[in-house]
Amino acid sequence: MNSAEADALKSLVKQQAKTTKTITSAFTQYKHMDFLSNDIVTNGNLHFKAPNLVKWSYTEPFVYSVIFKGDKLYINDEGKKSDIDMSSSKLFKQLNSLIIKSIKGDMFDAEEFHIEYFKSGNNSLVYFKPKDKKSASFIEVFQLTFNEQGDVEIVKMVEPSGDYTKIVFNNKVLNNPVSDALFNN
């Protein structure tokens, strides 16, 4: 993408994000590992409520949820609950920050990434490469695919080994009521 196209995408995404207070979306996640002949496929739902509540609920083939809330990551693995202090984990903090910023439309201002812009058919593809060497040892690049309306359709996290996790969003609904109770751990 040339700089004018990149600027137009940034503007579109920021405008879309300004009006987004909640998001509910189904997703399919593909975990690709070179040593497996098939990807591991899971399904679930994403819930977002402004300013920074995010819940990933996996429904198939297992039940598992992850809630990003403040500086904590709450995990419910089929009833077994735990939490992680994200302030002590730079990678989790970066991942949560990227998720929130992508929803709010201000991830393009992130100082912790080298950012590259590409065209992919009618969509736009943006690569976020961590500048921090420790983070880069876990994640080589976050790839976000935006549709023509400026919505994120695909998030792909590529590890240095080439293995990756790809999340494809579908049936996305914006600005419907989402209860705070949904984010209770």
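Phe-35 is exposed, with a relative accessible area of 65%. Exposed means over 50%, buried under 20%, partly exposed in between, with a 1.4 Å probe and protein chains only.

A word on the source. This is a predicted model: local features need pLDDT of at least 70, side-chain atom pairs count only at pLDDT 80 or more, and totals for chains, interfaces and linings use all residues. Numbering runs from 1 along each chain as its sequence is written, and side-chain values use heavy atoms, without hydrogens or water.

Back to Phe-35. Its place is the loop between strand S1 (22-32) and strand S2 (40-49). Strands are DSSP runs of E, at least two residues; helices are runs of H or I, at least four; both are numbered from the N terminus. The chain has three helices and 11 strands.

Now the inside. Buried residues are 41% of the 185 in the chain. Which residues touch the most other members of the largest nonpolar core? Trp-56, Phe-108, Phe-128, Leu-144, Phe-146 and Phe-169, out of 30 residues. Such a core is a set of buried Ala, Val, Leu, Ile, Met, Phe, Trp, Tyr and Cys residues joined through side-chain atoms within 4.5 Å.

Take Phe-146. Beyond its neighbours within four places in sequence, Phe-146 contacts Leu-9, Val-13, Met-107, Phe-108, Asn-123, Ser-124, Val-126, Asp-151 and Val-152. Contact means heavy atoms within 4.5 Å.

Another core lies apart from the largest one. That core has five residues, including Leu-53, Ile-67, Tyr-74 and Val-178.
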